[in-house]
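This report covers aromatic contacts and a surface patch. The sequence and the structure come next.

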Amino acid sequence: MPRSALVRYALGSAGMGVYVTVPGLLLLYFLTDTLGVTPWLAGLVLLVPKVVDIVLHPFVGSLSDRERARRGNRLRLLTAGCALAPAFVALFAVPAPVADRPWAAAAWVAGWFVVANVLFASYQVPYLATPTDMTVGYHGRTRVLSFRMMVLTVGILAGGALAPLLAGEGDSVARYVVMALVLGVFTVVFQIVGVGGVRDLLPSGAPRSVRAVAPTGPRGPGAALAEVRDVLRRNVPFRLLTLAYLLTSSTTHLVLAGLPYYTRHELHRPGFTTVLMAAFVAPALLTTPLWFRFSRRWGKQRCLLIAQGAFVAGALGLGVGDAAGLAVPVLATLVLGVCFAGLQLFPFSMVPDTVREAGRSEIERTGAYTGVWTATEAVGAAVGPYLYSAVLALGGYAAARAGEEVTQTTGAHTAILLGFTVLPALLMAGSLAVQLRYRLDAQAARASEPDGP
């Protein structure tokens, strides 16, 4: 694997990191504290469009398998996904007459969220199929994904640090539009670079045998759901990995959604969102290579369990708030950041292991697997913020329009804190319990095939 091509491939994740991070970090807060949408409705705005992804991502995965069978690559879908940036901008560019009515504003955001998710799936699903399409072994796939993880971290850091700075304290829709324009340009540039990296790693001149196995049969949403059931039923290790990652994704996105509320109402420093976001993401730049080294010695499964357990401890540490000063929340967030690197690297590098262990017939429908996997990630990205919004609603959190000052009740403050600390700890503990049942990693490590060219 040429290092230059690997770097270009990995750079595609920078744009994806922005899209994964910014809506998860700011969209719930944008709805409740700028557009005045009540927490329960704001949670639905994030949840319902993502439910569509349960069908959308596997369907896109099947399309990408057909593209690879016919053309030898998945580049057409990948290129179509580069139209994500305009939809991302429209997500926050709510016209003034619409923004004046919370229900209409919620509908606007939900509609554009669906469009953006379709374009995101068109890029993400074929992009993540690349490591499985390559002729590399157990540790080689971790190496490919470690490149991706480090660049993804840059994208998450750029989105997570710049978005709150550019949006300010949510005092106007215009500030959010400027933020979306700046980060939208960042996204599309790196998406295009990523397409070139995929092209270099997987030349368009695919073997004839690959082109001859185009999938047949129905192609609609019903067929996509049937394929989801079939993939999960046939491949037990993949099913366990998917369920564990659903809980992990829900947890990390809940933390992102709750961060602006935590810094404003519990730390009493709204501008501290950027600091804690940097503390959450930046450690991954240093620790991803270390996690890769540890995995070569201990295996991916053991390292993943360590990351999950430490995340539980870090989440509970945030419960101290600012009672002991700001050092404790910062240190707890740094622990979460170190764990986050492992939580992203190992599950994504284990997916190709589960597909290749299942045999040649399953490799031919890699897109279906990545479709199920990215749908899982997308659903988790909605479930986490929805759970947090539900806790806010139960605690009586009061929504506000831009520029309004609202005094929150004691119950709302309790909901903000428990939803940001105890709830993610419980969700991650559940993920760890499921992950303990995964058995493929030890077998794959012992029988690891030699890393190919």
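Are W291 and F346 buried or exposed? Both W291 and F346 are buried (under 20% relative accessible area, with exposed over 50% and partly exposed in between; 1.4 Å probe, protein chains only).

The model is predicted: local features need pLDDT of at least 70, side-chain atom pairs count only at pLDDT 80 or more, and totals for chains, interfaces and linings use all residues. Residues are numbered from 1 along each chain as its sequence is written, and side-chain values use heavy atoms, without hydrogens and water.

**Aromatic pairs**

Across the whole structure, a search finds 24 aromatic pairs. Rings of Phe, Tyr and Trp (its six-membered ring) pair if their centres lie within 6.5 Å; planes under 30 degrees apart are stacked, over 60 edge-to-face, and the rest tilted. Two of the pairs are tabulated here.

| Pair | Centre to centre | Angle between planes | Class |
|---|---|---|---|
| F238 and Y369 | 4.9 Å | 75 degrees | edge-to-face |
| W291 and F346 | 5.7 Å | 90 degrees | edge-to-face |

F238 lies in helix α12 (residues 236-266) and Y369 in helix α18 (residues 366-395), so this pair ties together parts 131 residues apart in sequence. Helices are DSSP runs (H or I, at least four residues), numbered from the N terminus. F238 and Y369 are both buried. W291 in helix α14 (residues 283-298) and F346 in helix α16 (residues 327-357) link distant parts of the chain, 55 residues apart.

One aromatic cluster is formed by Y19, F30, F88, F92, F120 and Y176.

**Surface**

W40 is in helix α2 and, at 46% relative accessibility, counts as partly exposed.

Note on methods: Helices (H or I, at least four residues) and strands (E, at least two) are DSSP runs, numbered from the N terminus.
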